[in-house]
Every structure is written in structure tokens, then in C-alpha cells.
Amino acid sequence: MNVDRIRLRRAAYIAVAFGVLALVATGPLHRLLLGLFICIGLGMGWLNAHLTYRTVTRITRSETPSKQALLVTTAGRLLGLTALAIVVGILARPNGIGIFFGLAVFQVIMVLQTVVPELKALRELS
């Protein structure tokens, strides 16, 4: 059983729930496009996490794991996602800012997915 895959899947479910909440919250405010961009940001965050997991798995399983290969793929992916988010945020002003909210919320989800189980394990040890 792969814990990282389970955490990634659980994070996707939580992101979908937050996306639905964003759409429900922005709909009555007549800012449905903002909610859509938040959902896109959540999706981009999940895509980044998924690609990171696949890249790290592929590089660490190779015969000669390379830190440089990991650095290059990570930098390229982050540069691409950041550039896309900035372009969308600028072109779709003012609602495009939602893409950054979505990315930020997904990062919080991923951090909590990592930290909470570790805190529980530390409490059990003490």
C-alpha cells in the first residue's frame, strides 16, 4: 500500500470539495468566473503534486538517481505552472486572481495531508 498515492488521492477529493464550495460561494455573488478560476488553480496544484510524485518516483528508481535531473524537471514544471498562472491572472483580471487562491489552498491541503499524520504519530510515541 503506497501512502503517498493515498495522500494524493485524498488531497484530490478535498480539492474537489473546496472547488465545489468555491463555486457555491461565488455563484450568489455573481462571481462564478472567480470560482471557476479557483477550481482551475486547485486543479493546477493537484497536477503539480501528481507530476512531482511521478518524477521523484521515476528518478529515485533509476539506476543512477540524479539530483540535477530532479532539479531541472522541478524547475521546468514550476516555471511553466507559474507562467501560466501569471498569464491567466493578468488576462482574466479581476477574476483571474482566483487561480492563485486555488494554488495556495491546494498547497495548504498538501501540507496538512503531510503534517497531521506525523503529529498523530508523534503524540502516540510520547
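Student: How many residues does the largest nonpolar core have?

Tutor: This is a predicted model, where local features need pLDDT of at least 70, side-chain atom pairs count only at pLDDT 80 or more, and totals for chains, interfaces and linings use all residues. Residues are numbered from 1 along each chain as its sequence is written, and side-chain values use heavy atoms, leaving out hydrogens and water. A nonpolar core joins buried Ala, Val, Leu, Ile, Met, Phe, Trp, Tyr and Cys residues through side-chain atoms within 4.5 Å, and buried means under 20% relative accessible area, exposed over 50%, partly exposed in between (1.4 Å probe, protein chains only). Members of the largest core include Leu8, Ile38, Tyr53 and Phe106, and the total is 11.

Student: Which element gives the largest share of this core?

Tutor: Helices are DSSP runs (H or I, at least four residues), numbered from the N terminus. H1, H2 (32–61) and H4 each give two or more residues. The largest share, 5 residues, comes from H2.

Student: How many residues does the second, separate core have?

Tutor: Met44, Leu81, Ala85 and Leu103 are among its members. The count for this core is 5.

Student: At what angle do the axes of H1 and H4 cross?

Tutor: Axes are lines fitted to C-alpha atoms, for helices over the stretch in contact, and angles run from 0 to 180 degrees between N-to-C directions. The axes of H1 (residues 3–26) and H4 (residues 98–125) come within 10 Å. They cross at roughly 135°.

Student: What term describes H1 relative to H4?

Tutor: Angles under 35 degrees count as roughly parallel, over 145 as roughly antiparallel and 65 to 115 as roughly perpendicular. The rest count as oblique. The crossing is at roughly 135°, so H1 is, relative to H4, oblique.

Student: What does Phe18 count as, by relative accessibility?

Tutor: Phe18 lies in H1. Its contacts (heavy atoms within 4.5 Å) include Leu42, Val105 and Ile109, leaving aside neighbours within four places in sequence. Relative accessibility is 38%, so Phe18 counts as partly exposed.

Student: How far apart in space are Phe18 and Ser66?

Tutor: The two are 48 residues apart in sequence. In space, C-alpha to C-alpha, they are apart by 36 Å.

Student: How far apart are the axes of H3 and H4?

Tutor: H3 covers residues 67–91. H3 and H4 pack at an angle of about 145°. Their contact involves Ala85, Ile86, Val88 and Gly89 of H3 and Ile99, Phe100 and Leu103 of H4. The distance between the axes is 8 Å.
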